[in-house]
Amino acid sequence: MEVIILPTKEECAYLGAGIIANLIRDNPKCVLGLATGSTPVPVYNELIRLHKENNLSFAEVTTFNLDEYIGLSADHPCSYRYFMQEQLFNEVDVDLNATHVPNGLADDVQSECESYEELITKSGGIDLQILGIGSDGHIGFNEPCSSLSSRTRMKTLTGETIEDNSRFFDSVDDVPRHCITMGVGTILDTRSVLLFAFGEGKADVISQSVEGPITSMVPASALQLHQRVKVIIDDAAASKLSNIDYYKEVYANRP
Ligand code: F6R
């Protein structure tokens, strides 16, 4: 893991978006794995700026989102499809037919999950996966105790996640209890990962994921097994790491 600590989330977003933009410029047909929630928003804002001001084109890019709530339609304001349209897709030149978010209204959830995995494989696999992290250590919606080799499937959200995500809904009772999420194994198969975390509220879980043991109780710790992960975090999210000085020295003296 490469741990990159910068003073602010804006600087993290600028760096992360630059890495994504370089990938798109090198390989315009690349496949991106996308996340929702608050964390990637500044990264998407910077990508939109690069599209509008620096001719960054998404025209040939394919995208796969990590997850979707079961029971919410694409036009529900709290669905992750809706979020992606608002936060990124409607602002850039991506071909909407090449954007994929699990269908939260699928009649047959199992076959929706299998097809999602097949589509990722048919697209050649994910070149770069963007991740946030839940306060309980989830990536995608792989809650604690998720198999570290899991594939796309239905999961039940923990009380902590429901509480955390209730800020996007009118009330905690409106948060769906179930979702479809790529598995930890699906995420580990991606060619590279950018994990972002901002703010003091993520400090404990970042320390457990980066410096703690690999355990299904902290699904993000499985990223220690991935060969190309950049953990891009602000000072506040890094504040509980033991080796802050070392990570900063490595980054300052990178070849
Ligand atoms: C969302 C997702 C989740 C979020 C996580 C953090 O697609 O996969 O793992 O990244 O819940 O959410 P925020 O960024 O809102 O703190």
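Start by selecting L32, L34, L47, F58, V61, T63, L88, F89, V92 and V94, the residues that line the largest cavity. This is a predicted model, in which local features need pLDDT of at least 70 and side-chain atom pairs count only at pLDDT 80 or more, while totals for chains, interfaces and linings use all residues. Residues are numbered from 1 along each chain as its sequence is written, and side-chain values use heavy atoms, with hydrogens and water left out.

On a 1 Å grid over the protein atoms alone, a cavity is a set of points where a 1.4 Å probe fits but cannot get out; a pocket is an open set with protein on both sides within 12 Å along at least five of seven lines; lining residues have an atom within 4 Å of a point. The structure holds 1 cavity of 30 Å³ or more. The space in the largest cavity comes to about 50 Å³, a volume being the space filled by probe spheres set on the points. Its lining has 9 nonpolar residues, 1 polar and no charged (Gly counts as polar; Asp, Glu, Lys and Arg are the charged ones).

Next, select the ligand. The space it takes is the largest pocket (more than half of its atoms lie within 2 Å of the grid points). The volume of this pocket is about 450 Å³. There are 27 lining residues, and G37, S38, T39, I133 and K202 are the closest to the centre. Colour by class to see 10 nonpolar, 12 polar and 5 charged residues in the lining of the largest pocket.

- T39: a side-chain N or O atom is 2.4 Å from an oxygen atom of the ligand.
- D67: a side-chain N or O atom lies 2.7 Å from a ligand oxygen.
- G140: a polar backbone atom is 2.7 Å from an oxygen of the ligand.

On its own the ligand has 400 Å² of accessible area, and the protein covers 94% of this (Shrake-Rupley method, 1.4 Å probe).

Last, select I19, L23, D127, L128, R191, S192, V193, L194, R228, V229 and K230, which line the second largest pocket. Two or more lining residues come from each of α1 (9–26), β9 (193–197) and β10 (229–234) (DSSP runs: helices, H or I, of at least four residues, and strands, E, of at least two). The volume here is about 210 Å³.

Methods
A polar contact is a pair of N or O atoms within 3.5 Å; within protein, one must be able to donate a hydrogen and the other to accept it, and residues adjacent in sequence count only if both atoms are side-chain atoms.
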